[in-house]
Amino acid sequence: MFDRIAVSGWLLIVLVGLAVESTAQAEAVPAVTPLQFDEVVVTARRAASEVFSDPYTINTLGTQEIRNRAYRTVPEALRYTPGVMVQKTAHGQGSPFIRGFTSFRSLLLIDGIRLNNSVFRPGPNQYWATVDPFSLERLEVVKGPSSVMYGSDAIGGTVNALTINPQGYGEKVNLRGTAYTRLASAERSIIGRGQVDLTYGQELGFVGGFNWKHFGDLQGGRDVGEQPFTSYDEYDADFKAVYHLNNNTRVVAAHQRVFLNNGPRTHKTIYGIDWENLSVGSDNQRDFDQRRELTYLQFHATDLDDIIDEAHFSISWQVQSEIEHRITGSFSDRRKGFDVGTLGFFGQLISDTPIGRLTYGIEYYHDEVSSFSTTNAIQGSVADDATYDLLGLYVQDAIELGERWEVILGGRFTYVAAESDRIDNIATADPTDTLSIDESWTAFTGSARAVYKLIPDQLNLFGGYSQGFRAPNWSDLSRLDDFGTDGQEVPSTGLDAEFYHAFEVGLKARGQQWSFETAYFYTLIRDQIIRFNTG
């Protein structure tokens with residue numbers, strides 16, 4: 001297969017900066033290393049902690065690496081992370097496999113807010129590509145189940161995409177502008193970003209940016225040549241305002257918008273390539289428009305020196321939309337799609353107590369789903385006029401046992417409910433006959449992890465047991481869509497939730513110029529929902 005592929009081209013990256021009322025500084029770019037144990041992360045415990053001291057397998061990607069490697073999408077940014085593989089059908093798509101799980105069995109957060117919603121489909125999909133990597137400050141990857149802290153879907157791993165913050169705080173008004181351009185010949189692409197940082201004193205900061213991305217038809221090399229109908233455009237915008245009430249308290253307001261225009265599924269069309277063991281599609285055209293908008297308001301307070309040491313609250317509204325435009329082999333023009341509006345909230349407190357450092361809170365997400373199809377009056381690819389509720393209550397206790405041991409115990413209660421009466425009943429000949437679903441699932445999940453400092457600050461042994469949980473979503477319950485070459489996926493009701501039991505043991509070591517990590521994990525799977533041929 002590989003002797004048939006020859007991709008050639010050049011890549012040019014240009015970064016231009018402008019600063020007004022500020023001091024310009026030149027910094028050496030650090031070498032990219034897969035393990036950065038001295039960094040502080042927030043995802044593993046939902047609170048600041050050091051990677052080396054955490055009893056989890058964690059990787060981070062910082063701003064310098066994201067910029068220097070010029071990743072097009074978030075999945076591409078994860079492809080060099082140990083233990084992560086990325087499936088990529090086209091530039092506008094891509095799905096990471098974390099410890100063997102992908103799609104709705106891995107959880108993506110944006111500043112702690114769930115990207116995953118109730119229509120995510122199984123298998124590799126395109127939704128992680130709706131997060132613009134140029135708007136990110138860092139990515140934190142925690143491998144293994146995190147359902148105690150983050151609820152349903154956190155099975156293979158949890159990735160937290162932390163967005164950029166205003167820079168250049170000082171006296172009076174400080175204004176900084178940055179322009180970023182990436183050009184590549186093999187894909188005939190151009191990416192441009194303009195960004196503005198504005199701060200007033202030490203209290204108020206604003207950062208905003210706009211991206212335009214154009215990807216032309218791919219150049220596949222000598223044996224492949226130009227691959228027609230692989231081009232698409234993308235438009236992104238983001239802004240964030242931060243107000244510091246004092247040194248330890250801040251209020252954050254942010255908005256993001258990502259729009260992928262006509263992202264192609266070329267392999268499903270007659271313009272696909274007959275690779276080994278694959279077949280060319282039959283459609284004349286199959287494109288997707290993907291849109292995502294997120295608006296949130298957050299409050300963060302630390303070092304409160306009271307019964308409560310930290311407090312974090314967030315309220316958010318997120319919209320994810322998809323429209324598939326398909327022209328079949330018989331030139332039938334078809335469209336279908338969905339809109340999902342998600343109201344989200346989380347509140348979290350952290351307290352230092354005689355029995356350990358407690359992290360506890362509540363989170364709630366409510367999905368409003370609508371779908372359509374030009375060939376089906378009842379529903380699109382998933383149920384129409386549907387709701388999906390996800391509620392979680394959690395507590396975790398970090399207990400230090402002497403100078404060498406730390407034990408982390410946690411538990412979570414999760415409640416999930418799905419309701420719709422607009423699901424196509426394909427078992428009848430009546431095109432207006434519908435099914436109704438009004439179901440709920442509950443789960444108690446727990447975890448117990450520990451770290452032992454064999455040599456303090458140099459060699460740590462860690463491990464533990466973590467449970468994972470995933471409730472059926474609308475894709476499991478109601479999907480009506482093409483599957484494979486000539487199959488069709490049909491709605492399924494009465495599904496049980498999935499449960500996972502993961503065991504892990506590992507070793508972390510570091511010196512002044514090096515770091516090392518190894519881990520072994522084993523996952524038991526119970527009641528996993530899979531597709532099968534009904535004949």
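Strands, like helices, are DSSP runs numbered from the N terminus, a helix (H or I) needing at least four residues and a strand (E) at least two, and two strands pair if DSSP finds at least two bridges between them. The model is predicted, so local features need pLDDT of at least 70 and side-chain atom pairs count only at pLDDT 80 or more, whereas totals for chains, interfaces and linings use all residues. Residues are numbered from 1 along each chain as its sequence is written, and side-chain values use heavy atoms, with hydrogens and water left out.

**View A. The hairpin of β22 and β23, with Gly 402 in its turn.** Strand β22 (residues 386–401) runs antiparallel to strand β23 (residues 405–424), the two pairing over 15 bridges. The hairpin leaves 3 residues between its strands, and Gly 402 in the turn has a positive phi of about 75°. Across the pair, Ala 398 stands opposite Ile 408 in β23.

**View B. Strand β23 paired with strand β24.** Strand β24 (residues 434–455) pairs with β23 in the antiparallel sense, over 18 bridges. Here Tyr 415 has Thr 442 in β24 opposite to it. In a regular strand the side chains alternate between the two faces of the sheet.

**View C. The salt bridge of Glu 187 with Arg 72.** A salt bridge is counted where a side-chain nitrogen of Lys or Arg lies within 4 Å of a carboxyl oxygen of Asp or Glu, and by this rule the count comes to 40 salt bridges. In this pair the closest N and O atoms of Glu 187 and Arg 72 are 2.6 Å apart. The pair links distant parts of the chain, 115 residues apart, with Glu 187 in the loop between β11 (173–184) and β12 (189–200) and Arg 72 in the loop between α1 (63–68) and α2 (74–77). Buried means under 20% relative accessible area, exposed over 50% and partly exposed in between, with a 1.4 Å probe and protein chains only; Glu 187 is buried at 4%, and Arg 72 is buried at 14%.

**View D. The salt bridge of Lys 88 with Glu 76.** The closest N and O atoms of Lys 88 and Glu 76 are 2.6 Å apart. Lys 88 sits in the loop between β5 (84–87) and β6 (95–98), and Glu 76 in helix α2, 12 residues apart. Lys 88 is partly exposed, with a relative accessible area of 35%, while Glu 76 is buried, with 3%.
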